[in-house]
Amino acid sequence: MRNIILSIIGIVLIVGSFFIAKRLIDNKKKPKPVPEKVVKTIFTDTVQNGTVQIVIPANGSLVAKRRVELYAEVQGVFRTSGKLFKPGQEYNQGENLIRIDAAEYYASVQSSKSNLYNSIAAIMPDLRLDFPEVFPKWQAYLNGFDLNKSTPKLPEMTSEKENYFITGRGIVSNYYNVKNLEQRLAKYNIRAPFKGILTEALATEGSLIRSGQKLGEFIDPTSYEMEVALSKTYASLLNVGETVKLNNLDNTEEFTGVISRVNGSIDATTQTIIAFIEVNDKSLKEGLYLEAKLNAKSESDAIEIDRNLVLEGNQIYVVRDSILDVMDVKPVYFSDSKVVLKNVPNGSIILAKPVPGAYAGMLVKAFVDENDEQPISEEKEEINKDAVTKSKKAK
């Protein structure tokens with residue numbers, strides 16, 4: 001009996017193992033799931049060729065068009081004047097910028113002028129006797145001679161004898177010696193050559209000024225120039241007098257400038273040409289960094305797209321029957337972020353934004369913004385409701 005039970009149990013285990021093994025084998029033979037086709041949603045744009053204005057970007061800092069570096073040509077003590085010699089101080093044209101003590105030198109100039117006067121006065125008796133015809137003009141010269149004013153020009157000598165007589169007495173040499181001293185005396189006062197502002201002051205009142213010492217800088221704050229370096233390919237496109245748009249780095253302010261000068265030579269090392277843009281605005285300051293946009297030329301039958309949409313080999317992606325394809329194009333100008341293309345047919349559908357992992361043959365569909373669909377306005381909806389109600393009443 002025991003053997004029979006064990007035999008039955010063994011048979012059941014064998015049959016059960018058979019069915020379990022078969023089930024496992026059948027599960028392995030299940031068909032693999034077919035991957036669904038993924039359709040990428042893209043942003044597209046329809047090509048419409050037109051005239052594209054090529055704008056050359058450039059940048060630089062402003063420099064005052066009229067600026068003067070102040071240097072001392074004489075030595076002396078810096079004396080106070082009507083205004084403090086400090087940065088930011090404004091001066092009118094002809095106003096004293098710097099006044100150096102010239103008391104000692106002024107005395108020597110007056111001494112030389114007095115010697116000249118005495119020399120002329122000493123020859124007056126001889127002129128009366130030997131040259132009575134020229135005596136009146138020399139007498140008038142002495143009468144108009146003022147030691148406190150600039151030395152007047154000597155009378156014109158009309159004869160050779162008069163010239164020899166006056167020159168032989170040392171009158172001419174004394175005269176030019178006095179004029180030389182007067183010219184040097186004028187250098188003790190440095191005056192403003194134009195209305196402007198002091199931007200740098202390297203000396204203070206009471207300090208000793210030495211000859212050749214730099215004292216500061218003086219500029220005209222109403223007119224500035226910006227120097228920009230452009231590629232040599234644009235040398236023929238730059239015209240003096242052309243208007244240029246300028247803006248600051250934050251794009252919060254815009255200014256209008258004019259190309260005032262273009263350098264006649266190209267830098268051999270950088271192969272660039274220098275252009276100078278003049279801009280006049282009271283709100284500008286020297287050293288301000290600006291960006292310029294120069295209108296180079298207009299390209300007809302062209303389009304402008306983002307630079308990162310252009311593939312290697314001068315190709316772009318186009319959409320044909322919901323499939324991506326590539327098209328050869330002709331780039332005519334590259335900027336930092338844009339590119340101008342030609343040979344793109346009108347009506348072609350191109351990518352408006354880059355697609356990661358894009359390839360020729362990819363299935364795509366254009367993105368449709370729900371806001372682009374024109375919804376029925378509330379007013380029209382009420383009108384429609386009223387019309388339906390009236391029609392029902394009529395029935």
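Biologist: What does Leu230 touch, not counting residues up to four places away in sequence?
Modeller: Leu230 touches Ile56, Pro57, Ala58, Leu238, Gln271, Thr272, Ile273 and Leu294. Contact means heavy atoms within 4.5 Å. This is a predicted model: local features need pLDDT of at least 70, side-chain atom pairs count only at pLDDT 80 or more, and totals for chains, interfaces and linings use all residues. Residues are numbered from 1 along each chain as its sequence is written, and side-chain values use heavy atoms, without hydrogens and water.

Biologist: Which residues have the most contacts inside the largest nonpolar core?
Modeller: Met226, Leu230, Leu246, Ile277 and Leu294, in a core of 30 residues. Such a core is a set of buried Ala, Val, Leu, Ile, Met, Phe, Trp, Tyr and Cys residues joined through side-chain atoms within 4.5 Å. Buried means under 20% relative accessible area, exposed over 50%, partly exposed in between (1.4 Å probe, protein chains only).

Biologist: And which strand gives the largest share of this core?
Modeller: β3, with six residues. Strands are DSSP runs (E, at least two residues), numbered from the N terminus.

Biologist: Back to Gln271. Where is its place?
Modeller: Gln271 is in the loop between β14 and β15. Its phi is near 55°, positive for a residue other than glycine.

Biologist: What is phi like in most residues?
Modeller: Most residues other than glycine have a negative phi.

Biologist: How does Gln271 count for accessibility?
Modeller: Gln271 is at 33% relative accessibility, so it counts as partly exposed.

Biologist: New topic. Where does Asn343 lie?
Modeller: In the loop between β20 (338-342) and β21 (349-351). Asn343 also has a positive phi, about 70°, and is not a glycine.

Biologist: Is Asn343 buried or exposed?
Modeller: Asn343 is exposed, at 55% relative accessible area.

Conventions
Helices (H or I, at least four residues) and strands (E, at least two) are DSSP runs, numbered from the N terminus.
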